[in-house]
Amino acid sequence: MKIVSLSYPLTEAQIAEYGHPQTAAIGQFDGLHLGHVSVIQTAVNSSRKAGIPAAVITFYPHPKEVMRKGSYDGYLTPQSDKEDLLAQLGVDILYVIEFNESFSRITPEQFVKDMLLPLSLHTVVVGFDFRFGHKGAGDAEDLHVLGNGEIEVVIVPPLLVDGEKVGSSSIREALADARLEDVNRWLGRRYRISGTVVHGEKRGRQIGFPTANLELEASYVTPSQGVYAVRARCSSDQVWRSGVMSIGMKPTFHEGMAEPVYEVHLLDFDGDLYGQVMTVDLVSHIRGQLKFNSINELIDRIGQDAAKAREQLSHLS
């Protein structure tokens with residue numbers, strides 16, 4: 001998959017290089033949940049039938065991050081993860097449009113006239129709730145009108161899973177409520193984070209449960225604080241291992257921490273992980289964050305957490 005960075009307006013050189021018939025799915029696609037996948041697969045299938053490239057047009061940074069409005073609390077799927085997933089879906093070209101305050105002010109007419117038409121898009125595929133232009137003034141129907149008949153517009157209806165509409169906002173809410181089963185069901189995969197293993201307080205090794213402290217690679221949406229059964233792999237060998245992860249403020253030892261700490265204890269593993277990149281898939285939620293009255297009480301509960309994680313993960317390869 002070719003990745004192309006664009007900014008508004010397109011240059012003559014960009015138009016000359018990328019202005020050719022293609023089918024494009026357009027959207028932010030944060031999370032790349034099953035609803036997003038249905039939009040993108042529609043675009044890929046359409047492109048294959050027409051014998052033209054399949055493209056995705058998305059925006060970075062997230063508009064809410066730039067405008068600092070609404071309930072933005074991080075990415076469900078950071079850009080690098082999104083790129084990997086889109087390539088797996090058969091996308092040929094990913095156009096990443098720089099989203100800044102200037103771009104946020106362009107009208108729906110400007111977006112179509114100066115960005116979409118110069119790319120010679122044959123077909124545009126969007127979700128039923130797609131909005132574009134300043135303050136979201138344009139909708140999917142406006143794409144058809146503003147395209148002046150030069151662009152075919154396909155509107156994909158909402159995707160229902162067990163009778164519920166799949167959406168990024170719902171996934172964020174489910175993460176905040178520790179409803180990991182819903183999160184993973186709507187994503188169509190496990191919620192994933194990645195980070196570099198850094199030195200921590202080394203308290204875990206002293207109590208018999210060494211942990212890898214993660215410095216996250218991106219601004220992820222933080223799941224509900226607590227303990228999770230996870231599968232994790234390290235950059236050195238790419239082997240998936242079972243583990244238990246704690247996300248929280250370490251209330252037994254600290255008060256008033258500013259940011260939650262991500263700590264992973266790998267079951268049946270002993271090795272040096274410092275400096276490695278660890279990818280962690282959250283499989284199930286074990287319990288919420290607790291403050292313990294003693295170290296022995298903490299050790300006993302961690303042992304119970306590890307045993308529960310081992311049980312919940314025993315059926316996974």
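Predicted model: local features only at pLDDT ≥ 70, side-chain atom pairs only at ≥ 80, totals over all residues.
Local features need pLDDT of at least 70, side-chain atom pairs count only at pLDDT 80 or more, and totals for chains, interfaces and linings use all residues. Residues are numbered from 1 along each chain as its sequence is written, and side-chain values use heavy atoms, with hydrogens and water left out.

**View 1. The second largest pocket.** Its volume is about 440 Å³. A pocket is an open set of points on a 1 Å grid over the protein atoms alone, where a 1.4 Å probe fits, with protein on both sides within 12 Å along at least five of seven lines. Grid points are joined across faces, edges and corners; the volume is the space filled by probe spheres set on the points. Lining residues have an atom within 4 Å of a point. There are 22 of them here, and Asp 81, Leu 85, Gln 88, Arg 189 and Arg 192 are the closest to the pocket centre. By class, nine are nonpolar, six polar and seven charged. Asp, Glu, Lys and Arg count as charged; Ala, Val, Leu, Ile, Met, Phe, Trp, Tyr, Cys and Pro as nonpolar; the others, Gly among them, as polar. At least two lining residues come from each of α2 (34-50), α4 (79-88), β11 (191-198) and β16 (277-288). With four residues, α4 gives the most. Helices (H or I, at least four residues) and strands (E, at least two) are DSSP runs, numbered from the N terminus.

**View 2. The barrel.** Six strands close up in the order β11-β12-β15-β14-β13-β16, with antiparallel pairing. Twist from one strand to the next averages 45°. Two strands pair if DSSP finds at least two bridges between them. Strand β13 (residues 226-234) runs antiparallel to β16, and nine bridges join the two. Ala 232 has Val 280 of β16 as its bridge partner.

**View 3. Helix α9 against the strands.** Residues 180-187 form α9, which lies across β11, β13 and β16 at about 135° to β16. Angles run from 0 to 180 degrees between N-to-C directions, with axes fitted to C-alpha atoms, for helices over the stretch in contact. The rest of the structure largely encloses α9, because six of its eight residues are buried (under 20% relative accessible area, 1.4 Å probe, protein chains only). These are Leu 180, Asp 182, Val 183, Asn 184, Trp 186 and Leu 187. Just after α9, Gly 188 has a positive phi of about 80°.

**View 4. His 36 in helix α2**. His 36 counts as buried because its relative accessibility is 13%. Leaving out residues up to four places away in sequence, His 36 touches Phe 29, Asp 30, Gly 31 and Ser 168. Contact means heavy atoms within 4.5 Å.

Conventions
Buried < 20%, exposed > 50% of the residue type's maximum accessible area, 1.4 Å probe, protein only.
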